[in-house]
Amino acid sequence: MTEPRPSVVEAMVAAMRSVTSIGKSDFNDFHRFNFRGIDTVLDHVGPAFREHGIVTLPNLVSLAAETVKSSKDKPMRLTTVTVRYTFIGPAGDQIDTTVPGEAWDSE
């Protein structure tokens with residue numbers, strides 16, 4: 001008889017135990033600050049998700065982009081998104097979460 005597969009919540013807890021912290025190891029030379037980059041996060045979280053059988057599916061809910069001026073009157077691109085993430089566990093069950101995102105980039 002096969003053992004029951006863990007639920008998505010149980011698998012997420014196991015993955016969270018595997019990835020306890022991610023440092024701000026990337027550096028922005030222009031603005032001179034350390035940050036936690038997406039590639040660094042994925043390098044830590046990806047293996048834990050694969051090990052514990054978690055699949056993540058993003059779904060773009062909304063996207064808005066506009067040109068704005070910086071405090072020094074330079075054009076910047078402001079982009080805001082809302083993304084719904086579906087996490088599917090080894091047992092086939094799933095949970096959803098919706099998160100906002102924002103970015104300011106020079107044009």
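The legends below describe close-up views of a predicted model.

**View 1**
The structure holds two aromatic pairs.

**View 2. The hairpin of β4 and β5.**
Strand β5 (residues 94–106) pairs with β4 in the antiparallel sense, over 13 bridges. Within this pairing, Thr80 stands opposite Glu102 in β5. Five residues separate β4 from β5 in the hairpin. In the turn, Gly92 has a positive phi of about 95°.

**View 3. The loop residue Asp73, with a positive phi.**
Asp73 is located in the loop between β3 (55–69) and β4 (75–88). The phi of Asp73 is near 65°, a positive value in a residue other than glycine. Asp73 has a relative accessible area of 53% and so is classed as exposed, the cut-off for this class being over 50%.

**View 4. The loop residue Arg32, with a positive phi.**
The loop between β1 (26–28) and β2 (33–35) contains Arg32. For Arg32, a residue other than glycine, phi takes a positive value near 60°. The relative accessibility of Arg32 is 60%, and Arg32 therefore counts as exposed.

**View 5. A nonpolar surface patch of Val9, Val13 and Ile95.**
On the surface, Val9, Val13 and Ile95 form a nonpolar patch. Together, these residues have about 210 Å² of accessible area. Val13 is placed in helix α1 (residues 8–18). With a relative accessibility of 33%, Val13 counts as partly exposed. This value of 33% for Val13 meets the requirement of over 30% relative accessible area for residues that make up a patch.

Methods:
Residues are numbered from 1 along each chain as its sequence is written. This is a predicted model: local features need pLDDT of at least 70, side-chain atom pairs count only at pLDDT 80 or more; totals for chains, interfaces and linings use all residues. Side-chain values use heavy atoms; hydrogens and water are left out. Helices (H or I, at least four residues) and strands (E, at least two) are DSSP runs, numbered from the N terminus. Buried means under 20% relative accessible area, exposed over 50%, partly exposed in between (1.4 Å probe, protein chains only). Patches are made of residues with over 30% relative accessible area and no salt bridge: like charges are joined within 9 Å, nonpolar side chains (Val, Leu, Ile, Met, Phe, Trp, Tyr) within 5 Å. Accessible areas come from the Shrake-Rupley method with a 1.4 Å probe; for residues, only the protein chains shown count as cover. A salt bridge is a side-chain nitrogen of Lys or Arg within 4 Å of a carboxyl oxygen of Asp or Glu. Two strands pair if DSSP finds at least two bridges between them. Rings of Phe, Tyr and Trp (its six-membered ring) pair if their centres lie within 6.5 Å; planes under 30 degrees apart count as stacked, over 60 as edge-to-face and the rest as tilted.
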